[in-house]
Every structure is written in C-alpha cells, then in structure tokens.
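Here's a quick briefing to read with the model open.

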Amino acid sequence: MSNPYDDLFEENTDDKELSSHEIIPPEPEDPLIEAEDQLTTPPEKEALDEILDSILQFNTQADSFSKLLTKLNAQEHKVESNLSQFFIVQKGTHHQGSLAAEKKYHALLTSKFNQIITPMLELANLHLGTIKRFSQDIDENYYSVDKSDSKVKINKKQALDGIVLQRKVLADAADSLAVLEYAMVVTERRLSSYNNTGEAENLSVAEYEILVQKRTQLTSGVIHQFDYSFFDVNLIDKTAISLGIYMKETSSQYLTKLLHVFEAR
C-alpha cells in the first residue's frame, strides 16, 4: 500500500530541472534604456528656484485668504484702546443693549477669529518653510550653475519681495486678530455687569468665567499652538532689512524667532 503522504515530500518536477548549484545570471541591462532613464529623470531644482516655487504656493493661498479678510472686515469691530474700559463698564459704540445680544456679539467675534487664524496658521507654516530654505542656502555668495549673475540677482530680488509680501499678508491678518481679541475682551467687560444680578438678565459668574477661559485659550494661542502676535506690522521693516543683505547670521536670527511662533503665548 502506498504512503498517502508521499506526495507531500516529493520534489517538484520543475525544481528537479535546476540543480541547487545552478545560478541563473541576471539579464544584462540595456545601456540605451539606462541612458534614456537618466535623460527622463528631472534634474533637482536649485535652492533659489525652490524658494520662488514656495513663494508662488503662498501667493496662491494668500489670494483667497486676502478676500476672506475683506469679507470678515474685522476693523468694523475696532475699539479704541482705553485703560478706563478695564475698570469702568462703558457702553461705547459696540454696546449691544442686552445680555442675549452681548453673548451673540461675543460669539460672532469668536467665529471671525477662528475663521482667520486657521488659514493664517497654514500660511505661517509656508512662510516658515521659505525662511528656512532662504536662511540655509541664500547669501551674498550664492551662485547658480545654469544662470548668469544678473539673473541670480533678479531672482534674489524676487525672493526678497515675495518674503516681504508674505510678512505684509500675515501682518494684516495679525492686525485683524488683535482687533477681534480686544473687542472680545471689552465685550466681556460689558458682560460682567450681568453677573449674578438676580434679575431677568442674569449671567452666573461660573458661566462668565468659563466663557473668558475659552476665549483666553483661543486668543493666547493655546488651542492652535500659534502666537499670531509675532507678525505685528512693526516687524516688517526689520525683516526686510535682515534678509535684504543676504546674510546668514541675520536671516538665521529671524528664523530662530519665527520658530517660537508655533507655541502658545
């Protein structure tokens, strides 16, 4: 009687045809195909060209972002800074007249703040990437293999102009956020007058404190891990001066400060 397990231990007939010592040599590469592959592989872009590409990407996103800033019009909520407003509840031009209206107004300010800071954070990250590459590769001694010195000079100027434009866009957004933040703080001062009044329009201290805490986490950068105040308009000229002379030391200093932007205040 044959062993039913014989088939499991039989050598495959295909394997028998090849000795365990036989090695099939690999097919020789076709030099023409190899040369063609090298020709079709795109060459790496130079640093300055990559910087210009990143600036173009920023500008593409900034186009719709700038329209958003126009639409939200944070400036209509601007409150003139007045120290007395932190000690005396003043009605002012934005006084809403009731507890419900003040809460609704505060929610509107919060919504606009969120709509701005989220895309602004994306743009700030693009700006960071541009500055990193600029700081690493661009200085007064930068040269190109394929471009003339005059062309390199023109491209450097384009890169610098692009960086300054990035700062202007981010500065405008920062200004809008600052306006909204201060408007929220002033609104909260008006809301505090409704604390535990015991009347029809009553706001518990607990609800008020939670509202203030949520706003503080938002405007301080805790939620987004992003300190928008770095992009204050007063820093634009310093940026242009620092990067305009193409010195690694100064651009690196700016980069170091910029890295701290992505932290809570």
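Predicted model: local features only at pLDDT ≥ 70, side-chain atom pairs only at ≥ 80, totals over all residues.

Residues are numbered from 1 along each chain as its sequence is written, and side-chain values use heavy atoms, leaving out hydrogens and water.

**Fold and packing**

- The chain has nine helices and zero strands, taking helices (H or I, at least four residues) and strands (E, at least two) as DSSP runs numbered from the N terminus.
- Going along the sequence, the pattern reads α-α-α-α-α-α-α-α-α.
- Of the chain's 265 residues, 36% count as buried (buried is under 20% relative accessible area, exposed is over 50%, and partly exposed is in between, with a 1.4 Å probe and protein chains only).
- Among contacts with a separation of 6 or more, 85% come from residues 24 or more positions apart; a contact means heavy atoms within 4.5 Å.

**Salt bridges: the tally**

- The count comes to 10 salt bridges, each one a side-chain nitrogen of Lys or Arg within 4 Å of a carboxyl oxygen of Asp or Glu.
- One network of salt bridges links E50, R133 and D137.

**K147 and D49**

- These two side chains meet in a salt bridge at 2.4 Å, N to O.
- K147 sits in the loop between α5 (99–137) and α6 (149–191), and D49 in helix α4 (residues 47–72), so the pair links distant parts of the chain, 98 residues apart.
- K147 is partly exposed at 21% relative accessible area, and D49 is partly exposed with a value of 21%.

**E76 and K112**

- The closest N and O atoms in the E76–K112 salt bridge are 3.0 Å apart.
- E76 is in the loop between α4 and α5 and K112 is in helix α5, so the pair ties together parts 36 residues apart in sequence.
- E76 is partly exposed at 44% relative accessible area, whereas K112 counts as buried at 9%.

**E102 and R190**

- E102 and R190 form a salt bridge, with the closest N and O atoms 2.8 Å apart.
- Helix α5 holds E102 and helix α6 holds R190, so this pair ties together parts 88 residues apart in sequence.
- E102 counts as buried at 0% relative accessibility, and R190 counts as buried at 4%.
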